[in-house]
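This briefing is for a reader who is meeting the structure for the first time. Please keep the sequence and the model in view while reading the points below.

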Amino acid sequence: AAKPDPMITELQDWNRFLGDGVDKKPYGVPSKFEKDVIRRDVSWLTASPESSVNFTPLHALDGIITPSGLCFERHHGGVAEIDPAQHRLMINGLVDTPMVFTMDDIRRMPRVNKVYFLECAANSGMEWRGAQLNGCQFTHGMIHNVMYTGVTLKTLLDQAGLKPNAKWLMLEGADSAGMNRSLPVSKALDDVLIAFAMNGEALRPENGYPLRAVIPGWQGNLWVKWLRRIEAGDMPWQAREETSKYTDLMPDGRARKYTFVMDAKSVITNPSPQAPLKFKGRNVLSGVAWSGRGTVKRVDVTMDGGRNWREARIDGPVLDKSMVRFYVDFDWNGEELMLQSRAIDETGYVQPSKAELRKVRGVNSIYHNNGIQTWLVHPDGVTENVEIA
Ligand code: MTE
């Protein structure tokens, strides 16, 4: 090089002076240079921060695990601050023996570790009528992917003994919203967990400390946080969250109810509006894909708005009902790009285009929008949320 790079030739402060000692940060925090990597909300979306949502900064993450402190939050009555010593989980209703468990009781049962995505049914809900929010954090950030530690719900139900006519469970939170949802017993006995840890540490208060339900592949609303009670019954409860909310209004005015499963979906996180392309030549396109019906089998990417597709390279663990990470290593000469990704899951289901989805579902719903996202990359690298007519 003609001009020496001072970052190489001159000694920097961090190379000259002692750094902080080990007693400075007993619980680590990210580098100060990462201060923009935070959950963000959309101020006009909700009337109050207690019944609201913020979004995972997907554009700033890699791999498949969402760091606990960056997992999006959605609550209806603010964050409950619960002393675990005083927390109880009750099981009642159509059971042989109603039970009350302490946290210590639950910690003495056989544990399991599982990685699952949690996606709010309203993720991408603002995009039904057209491209709206500029950033994958806002269009797709109501999702996180976490390793949970807990016990299977079956372990708890076996102790209480479900009566033969118990077909549904009602899960209830200890927050001020007392949020509750009905869950079919078949799912409860299949793969539902009652978790007390995420990513190796205790659940964060925002995500349900000390105890939450983990309902793999199903809409986030069912994953009751601050879980305090499970009642067994013979029919669904018709709770607010499954009648007035979390139903999908169809074009003919009728509404779909109990649409639990989150269908296959994907999004390119880089480049995206918050992470524009900076360099010509070699670049890494990256994104995430997931399916509530099992594993993601393949992710295809197009750079010209769907004329040509190529298979992306999935790297890292491919797990049941978990996010996968995909990449396309490519050369960019400054031409305009129309980027899209589509996920294909193990059932053969292919993520639909927004047009295909609207043909069947109309645009009245907020929920379950898993249509293909388009990013337009301009010659200067600036990237926008658009739709292809
Ligand atoms: N559980 C309780 N008790 N109260 C709530 O408000 N919100 C639900 C669900 N569980 C909620 C709750 C909704 S709508 C979603 S999408 C997920 O929690 C969000 O989980 P998270 O905050 O860990 O991302």
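Predicted model: local features only at pLDDT ≥ 70, side-chain atom pairs only at ≥ 80, totals over all residues.

Asn 199 is placed in the loop between strand S9 (193-198) and S10, and its phi is near 50 degrees, a positive value in a residue other than glycine.

**Cis peptide bonds**

- The peptide bond that runs from Tyr 209 to Pro 210 is cis, with omega near 10 degrees, and Pro 210 belongs to the loop between strand S10 (201-202) and strand S11 (212-214).
- Another cis peptide bond leads from Asn 270 to Pro 271, where omega is near 0 degrees, and Pro 271 is found in the loop between strand S15 (265-270) and strand S16 (281-290).

**The ligand and its surroundings**

- There are 21 residues around the ligand, and those that come nearest are Phe 72, His 76, Asp 175, Arg 212 and Lys 225.
- When the residues of this shell around the ligand are divided by class, 8 are nonpolar, 7 are polar and 6 are charged.
- Lys 225 has a polar side-chain atom that lies 2.5 Å from an oxygen atom of the ligand, while a polar backbone atom of Phe 72 is 2.6 Å from an oxygen atom of the ligand.
- Trp 223 takes part through its backbone, where an N or O atom lies 3.1 Å from a nitrogen atom of the ligand.
- On its own the ligand has 530 Å² of accessible area, and the protein covers 100% of that area.
- As for its place within the protein, the ligand sits in the largest cavity.

**Cavities**

- How many cavities of 30 Å³ or more are counted in the model? The count comes to 2.
- The largest cavity, in which the ligand sits, has a volume of about 220 Å³.
- It is lined by 18 residues, and the closest to the centre of this largest cavity are Arg 74, Arg 212, Gly 220, Trp 223 and Lys 225.
- By class, the lining of the largest cavity divides into 8 nonpolar, 6 polar and 4 charged residues.
- The second largest cavity holds about 60 Å³ of space, and the residues that line it include Leu 58, Leu 61, Asp 62, Thr 269, Val 288, Met 323 and Arg 325.
- In the lining of the second largest cavity, 6 residues are nonpolar, 3 are polar and 2 are charged.

- Strand S1 (52-53) and helix H7 (240-243) are the elements that give two or more residues to the lining of the largest pocket.
- Sorted by class, the lining of the largest pocket has 9 nonpolar, 7 polar and 4 charged residues.
- About 260 Å³ of space lies in the second largest pocket, which is lined by 14 residues, with Gly 28, Val 29, Pro 30, Gly 69 and Leu 70 the closest to its centre.
- The lining of the second largest pocket is made up of 7 nonpolar, 3 polar and 4 charged residues.

Conventions. Residues numbered from 1 in each chain as written. Heavy atoms only, no water. Near = heavy atom within 4 Å. Polar contact = N/O pair within 3.5 Å; in protein donor to acceptor, adjacent residues only side chain to side chain. Areas by Shrake-Rupley, 256 points an atom, 1.4 Å probe, with all protein chains shown as cover. 1 Å grid on protein atoms, 1.4 Å probe; cavity = no way out; pocket = protein on both sides within 12 Å on 5 of 7 lines; lining within 4 Å. Sits in = over half its atoms within 2 Å of the grid points. Nonpolar A, V, L, I, M, F, W, Y, C, P; charged D, E, K, R; others polar. Points joined across faces, edges and corners; volume = space filled by probe spheres on them. Helix = DSSP H or I, 4+ residues; strand = E, 2+ residues; numbered from the N terminus.
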